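Work through the exercises below with the structure open beside you, and try each task before you read its solution.

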Amino acid sequence: MKQGMVPRFCKKWLINCLQTHDMKKIFVGLAILTALLGCSKQGNSTSHGTSSLIPANPAEITVIETAETKEWHKIQAESAGFFAAKNFDKLEDLANNYRTSKASIASGIWKLEAVYTGIIPDVNKSNGDWQQSLVTLHDWIQAKPVSITAPVALADTLVAYGWKARGSGYADTITETGQKLMEKRLIEAVQVLQQAENLKQKCPQYWTVMMSAALGLGANNSQFESI
């Protein structure tokens, strides 16, 4: 992997998030970018530092609702509703439909990703809410043992939960507890994906989540390239 590829990968992901107004993924993207582009406040003091690129609060980003973002949010809401009701059959149908059709919004992002992001709790939700989501995800896996969607959704949520524990600040603002929680959750996400690797059904989101976990765990170039 060439030098600078990881930051470009993260920036592309963040741009995709901005296009869909997905605040959950924007928070994770900002955390990754902050970790990669500046590990200390010293890096923030330069005129070309990340301070001009990354807002202090993702909620301050101004977004404009468009037809495609309305469609994206509609899919998210539908997914979130099925998940809250533990209607795993409907969730499976929804994901399979967008996975098979490869349907995308105008910017090219697969609508399938909206199904997954609709399941992930908002970053401002309490740890209790996140834990309840994890319980429901495990119930889904138990109910649908041959499903690829359920373990990918679990791993995706664990990755987001890991970055939530870390926070979006520079390295010197991260607590030891936050760092350990992040690593624990990302490792668990990788383990969930590895257990699902041999399932007959495949999903492109599997590799997106695996790459996100690898970035957070500091995978070396050859490991990242192999993913």
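The exercises that follow concern a predicted model.

**Exercise 1.** Determine how helices α3 and α4 are oriented relative to each other, and which residues make the contact.

*Solution.* Two packed helices are described by the angle between their axes and the distance between the axes. For α3 (residues 67–84) and α4, the angle is about 150 degrees and the axes lie 9 Å apart. Since angles over 145 degrees count as roughly antiparallel, α3 and α4 are therefore roughly antiparallel to each other. The contact is made by I75, E78, S79, F82 and F83 on the side of α3, and by K90, L91, L94 and Y98 on the side of α4.

**Exercise 2.** Locate E92 and decide what surrounds this residue and whether a salt bridge is present or absent.

*Solution.* Begin with the position: E92 belongs to helix α4, which covers residues 88–101. Next, consider the charge: E92 is buried yet has no salt bridge, and the nearest side chain of opposite charge, that of R99, is 5.8 Å away, whereas a salt bridge requires the atoms to be within 4 Å. Finally, leaving aside neighbours within four places in sequence, the contacts of E92 are W140, K144, S147, T149 and A150.

**Exercise 3.** Compare the span of helix α9 with the expected value, and explain why α9 is described as largely enclosed.

*Solution.* Helix α9 (residues 205–216) has twelve residues and reaches 17 Å from its first C-alpha to its last, which is close to the 16 Å expected at 1.5 Å a residue. Ten of these twelve residues are buried, so α9 is largely enclosed by the rest of the structure; among the buried residues are Y206, V209, M210 and L215. After α9 comes G218, whose phi is positive, near 70 degrees.

Conventions. Residues numbered from 1 in each chain as written. Predicted model: local features only at pLDDT ≥ 70, side-chain atom pairs only at ≥ 80, totals over all residues. Heavy atoms only, no water. Helix = DSSP H or I, 4+ residues; strand = E, 2+ residues; numbered from the N terminus. Buried < 20%, exposed > 50% of the residue type's maximum accessible area, 1.4 Å probe, protein only. Lys, Arg positive; Asp, Glu negative; His and termini not counted. Contact = heavy atoms within 4.5 Å. Expected span 1.5 Å × (residues − 1). Axes fitted to C-alpha atoms, helices over the stretch in contact; angles between N-to-C directions. Parallel < 35°, antiparallel > 145°, perpendicular 65-115°, else oblique.
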